[in-house]
Amino acid sequence: MYNVTTPDSSFDVCGMSYRYRYYLVDMIYPERSCFVNSLSCPNDRKRLKFKIAQEKAIKDVEVAFDALKKLWHILKYPVIFFNEKKMSGVMYTCIILHNMILEDEGNAICEYNEIEIVPMTKAFEVGSDEYLARRAINHDVEIHHVFRRELAGHIWTVDHIDLNVEPFDD
C-alpha cells in the first residue's frame with residue numbers, strides 16, 4: 001500500500017468507496033484502515049450480527065490452516081530457528097502444494113493461468129511525501145471506525161447471512 005504495488009481492489013459499502021482490500025483480524029491488531037477487527041462488546045443486534053459474521057469468517061480461515069497443518073508437519077509445531085522470510089516461504093510452499101493436490105484430485109476452485117503476468121514491484125523511498133501520505137491513510141483510525149460501522153450496516157442488510165439475529169427496532 002505504501003509503495004503503490006497493492007492491487008486496486010475498489011469496492012463500495014453503503015455508498016462509501018474504498019480502494020484497498022482489508023483483512024479481518026482479532027482484537028490484538030492495531031486500528032488501521034486495512035484491518036477490520038471485531039467488536040468486543042456489541043451493544044445492538046446489528047453490531048452483534050457483524051461480530052458473529054466476522055467470527056465465522058475467521059473460524060473458516062482457522063479451519064483451513066488446521067487442514068494445512070494436518071498435511072504438512074512443518075506447520076504443526078513452532079519453528080523458532082526460522083526467520084520471518086523463511087517461514088513465509090514455507091507457508092507459500094505448503095499452500096501451493098496443497099492447491100496442486102486439490103487440482104490433481106479435480107477439486108480445485110480455479111484454474112492456474114500460465115500466461116498471467118505479475119507486475120514488477122516498484123522501489124520506493126521510505127520517508128518520501130508519497131510514502132508518508134499513504135502511511136497516513138493506513139494509520140487513519142477514523143477510516144477504520146467508519147469502515148467497520150459501514151460493514152456492520154451492510155451485513156445487517158444482507159439477507160443470505162442468517163445468523164439467527166432478530167431484527168432490532170430503533
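**View 1. Glu130 and Arg134 share helix α3 (residues 129-138), four residues apart, about one turn of the helix.** Helices are DSSP runs of H or I with at least four residues, strands are E runs of at least two, and both are numbered from the N terminus. This is a predicted model, where local features need pLDDT of at least 70, side-chain atom pairs count only at pLDDT 80 or more, and totals for chains, interfaces and linings use all residues. Residues are numbered from 1 along each chain as its sequence is written, and side-chain values use heavy atoms, with hydrogens and water left out. Glu130 and Arg134 form a salt bridge, with 3.8 Å between the closest N and O atoms. The term requires a side-chain nitrogen of Lys or Arg within 4 Å of a carboxyl oxygen of Asp or Glu. Arg134 is buried at 13% relative accessible area. Glu130 is partly exposed at 47%. Buried means under 20% relative accessible area, exposed over 50%, and partly exposed in between (1.4 Å probe, protein chains only).

**View 2. Lys51 and Glu55 form a salt bridge within helix α1 (residues 45-71).** The closest N and O atoms are 3.0 Å apart. Four residues separate Lys51 from Glu55, about one turn of the helix. An α-helix has 3.6 residues a turn, so residues three or four places apart point the same way. Lys51 is buried, at 17% relative accessible area. Glu55 is partly exposed, at 40%.

**View 3. Arg47 pairs with Asp44 in a salt bridge.** Their closest N and O atoms lie 2.7 Å apart. Asp44 counts as buried at 18% relative accessibility. Arg47 is partly exposed at 31%. A search of the whole structure finds four salt bridges.

**View 4. Tyr22 and Phe147 form an edge-to-face aromatic pair.** The structure holds two aromatic pairs. In this one, the ring centres are 4.9 Å apart and the planes meet at 75°. Tyr22 sits in the loop between β2 (16-18) and β3 (23-25), and Phe147 in helix α4 (residues 141-157), so the pair ties together parts that are 125 residues apart in sequence. Phe147 is buried at 2% relative accessibility. Tyr22 is partly exposed at 31%. Rings of Phe, Tyr and Trp (its six-membered ring) pair if their centres lie within 6.5 Å; planes under 30 degrees apart count as stacked, over 60 as edge-to-face and the rest as tilted.

**View 5. Tyr29 and Phe35 form an edge-to-face aromatic pair.** The centres are 5.3 Å apart, with 70° between the planes. Phe35 is buried at 19% relative accessibility. Tyr29 is partly exposed at 37%.

**View 6. Helix α4 has buried residues that include His144, Phe147, Leu151 and Ile155.** Arg148 and Glu150 are also among the buried residues of α4. Their cover includes β1 (11-13), β2, β4 (35-37) and α1, judged by contact (heavy atoms within 4.5 Å). The 17 residues of α4 should span 24 Å at 1.5 Å a residue, and the end C-alpha atoms are 25 Å apart, which agrees. The expected span is 1.5 Å times one less than the number of residues.

**View 7. Tyr92, Ile96, Leu97 and Met100 form a nonpolar surface patch.** Together they have about 420 Å² of accessible area, from the Shrake-Rupley method with a 1.4 Å probe; for residues, only the protein chains shown count as cover. Ile96 lies in helix α2 (residues 84-104). Ile96 is partly exposed at 49% relative accessibility. Patches take residues with over 30% relative accessible area and no salt bridge, joining like charges within 9 Å and nonpolar side chains (Val, Leu, Ile, Met, Phe, Trp, Tyr) within 5 Å.
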